[in-house]
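Me: I'm new to looking at two protein chains side by side. Could you show me how to read the place where they meet?

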Amino acid sequence: MRAIALIVGRELGAYFRGWSGWVIAAGILMLQGVLFNVFALGDSEKLSSKVLQDFFYFSMGMTLVASVLLSMRLIAEERHDGTMVLLLTSPASDWQIAIGKWMSAWIFVLLILLASLYMPLMVAVNGSVHPGHVFSGYLGLTLVGAAATALGTFTSSLTSSQVVSVVLGGILAALTCVMWLFSKVASPPLDELLAYLDFYYRHFQDFREGTIHTRSIVFYSSVTFFFLLLTQKVLGARRWR
Amino acid sequence: MIEVDGLTKYYGDIRAVSDLSFSIERGQIAGFLGLNGAGKSTALKILAGFLLPTAGSVRVDGVDVVAEPEKVRRSIGFLPEEPPLYKEMTVRAFLTYLGKLRGMGGAEVSARLPSVLERTGLSQHGDRVIETLSLGYRKRVGIAQAIIHDPSLVILDEPVSGLDPLQRVEMRKLVRGLGGDHTVLISSHNLLEVEETCDLLLMLGDGRLVAQGSEADIHSRIGTGGSYEFDVRGDVAAAADSVRGLDAVTEVSVTRAGGEGEVHELTVVLAGQDRSGEVEQIVGALVGSGFGVSRVEAASNELEDLFLKLAGSQEAEG
């Protein structure tokens with residue numbers, strides 16, 4: 001646990017000391033604000049719950065983008081700069097390295113989500129919002145952030161180029177949102193599997209509408225674990241190369 | 001104590017290191033010497049726990065690197081050829097982070113930090129951001145990170161490469177000072193460098209250990225201390241005669257005769273028991289006889305010569 005906490009602390013420090021964390025956070029929050037103003041609030045009158053649903057809809061996309069951008073540097077940058085040797089020759093296990101790296105990006109995503117809370121609060125002040133709906137939506141975003149940063153950590157472990165890492169991560173993240181399209185043209189039982197793997201329709205839609213399903217919590221947690229496991233395997237495999 | 005037995009490493013079909021076996025006593029400074037591509041860095045990376053071997057074993061104080069990697073890594077400090085540094089951190093924050101990551105308590109790191117900074121000549125630079133430091137100081141930070149957790153084995157890959165002559169002298173002194181407290185293993189492709197710093201020489205060629213022992217052991221086996229070039233002014237024939245009678249010299253030749261008043265080049269083959277002492281003796285003899293000496297340098301093909309001689313002596317033994 002101590003090694004994980006140390007790695008998280010250093011990585012978070014790197015986000016705050018460098019420009020990348022601030023630029024990504026500012027860019028995401030600005031886009032989120034514009035989308036909230038233009039699409040969620042819109043020109044016509046809407047129910048508060050509908051405004052919230054629209055807010056969570058594009059916030060999920062923004063969370064995916066932020067997660068991939070924030071996690072692209074985690075391992076690729078260390079490999080590029082030759083500093084990965086510091087972690088790989090330390091007593092920290094490959095699991096601890098993978099978890100520490102992922103957790104730092106996830107915590108940064110959570111900070112961005114926290115900074116976006118003013119938007120649902122504005123809806124609450126000017127309309128009527130059930131706190132459970134806000135909680136459900138943010139729980140969904142938190143879980144999407146966990147899964148997407150784990151996916152980004154994995155793609156970052158595959159290369160020493162942050163560009164390659166972000167492109168791979170972007171493609172995988174985009175695929176997770178269009179699985180429902182593939183499920184429409186696939187035959188049973190593959191169609192059901194593909195539909196289950198879709199980040200949005202099968203899982204996030206419920207959070208967006210204010211419903212929490214254990215199956216979706218299990219899904220996002222499993223995806224997170226799966227990509228962290230792959231990251232740990234990649235780190236271990238590099239010792240044999 | 002470091003015990004290496006049958007260490008072998010393949011990258012795909014390419015054999016980088018083959019059947020290395022040696023041991024290093026606690027507190028000794030050992031030097032891996034070899035040409036580029038000899039397998040030095042690969043061997044060091046395996047010893048540091050960064051890479052896993054294809055076959056063979058490495059034990060540090062009796063603990064196996066493959067069986068208990070996390071335990072072994074606690075007692076190893078490693079500096080690759082390019083110092084791995086988080087450049088956005090200050091020297092102090094960087095060393096504190098690595099000390100804790102390698103299992104030290106916060107108070108323990110704070111207590112050890114001043115002595116490590118002093119030993120590596122960084123006391124005045126603890127609060128500087130690493131990216132503002134020169135290469136020489138970055139190398140020092142690299143060594144500081146390798147010893148911050150007081151490891152029993154310190155591994156330094158080409159610690160003097162890229163440094164200017166003054167920094168080389170300081171770095172050699174620093175490495176020499178690590179012996180005794182730590183077992184030190186360094187690598188270099190510079191023969192003189194390793195001879196001046198190390199108690200034990202491990203000579204690698206094509207991934208294999210071609211010779212091991214003290215400087216005297218190696219020289220007694222190949223019978224010569226290598227060639228040195230001296231640029232001298234004055235009567236070159238008389239200069240050659242003035243060093244020819246020295247015990248340290250086995251052969252003298254004029255390899256470049258300049259015009260009157262110009263610099264001439266003498267190449268001297270040494271007997272090879274105390275190379276730096278022998279070079280000093282020759283310079284002393286030349287200067288004492290009234291000749292000016294403007295350059296002293298190991299002949300560029302010295303290491304290649306040495307490996308050829310070693311290969312020749314192995315064939316003769318075989």
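Reply: Happy to! Let's start with one pair of side chains: E88(B) and R10(A) meet in a salt bridge, 2.8 Å from N to O. Keep in mind that this is a predicted model.

Me: How many salt bridges does the rule find across the interface of chain B and chain A?

Reply: The rule finds one across that interface. For polar contacts, it finds nine residue pairs between chain B and chain A, both residues at pLDDT 80 or more.

Me: Which elements of chain B give two or more residues to the side that touches chain A?

Reply: They are β1 (2-11), α2 (69-74) and α3 (91-101) of chain B. The most comes from α3(B), with five residues. Sorted by class, this side of chain B has 17 nonpolar, five polar and seven charged residues.

Me: And how do I read the size of an interface?

Reply: It is often given as the accessible area lost when the parts come together. Here, about 2,400 Å² is buried between chain B and chain A, and carbon and sulfur atoms give 64% of that area. In chain B, F50(B), Y86(B) and L101(B) lose the most area to chain A, together 27% of what that side buries. As for residues, the contact takes 29 from chain B and 23 from chain A.

How values were computed: Residues are numbered from 1 along each chain as its sequence is written. Chains are lettered from A and ligands numbered from 1 in the order in which they are written. This is a predicted model: local features need pLDDT of at least 70, side-chain atom pairs count only at pLDDT 80 or more; totals for chains, interfaces and linings use all residues. Side-chain values use heavy atoms; hydrogens and water are left out. Contact means heavy atoms within 4.5 Å. Buried area is the accessible area (1.4 Å probe) that two parts lose on being put together, summed over both. A salt bridge is a side-chain nitrogen of Lys or Arg within 4 Å of a carboxyl oxygen of Asp or Glu. A polar contact is a pair of N or O atoms within 3.5 Å; within protein, one must be able to donate a hydrogen and the other to accept it, and residues adjacent in sequence count only if both atoms are side-chain atoms. Helices (H or I, at least four residues) and strands (E, at least two) are DSSP runs, numbered from the N terminus. Ala, Val, Leu, Ile, Met, Phe, Trp, Tyr, Cys and Pro count as nonpolar, Asp, Glu, Lys and Arg as charged, and the others, Gly among them, as polar.
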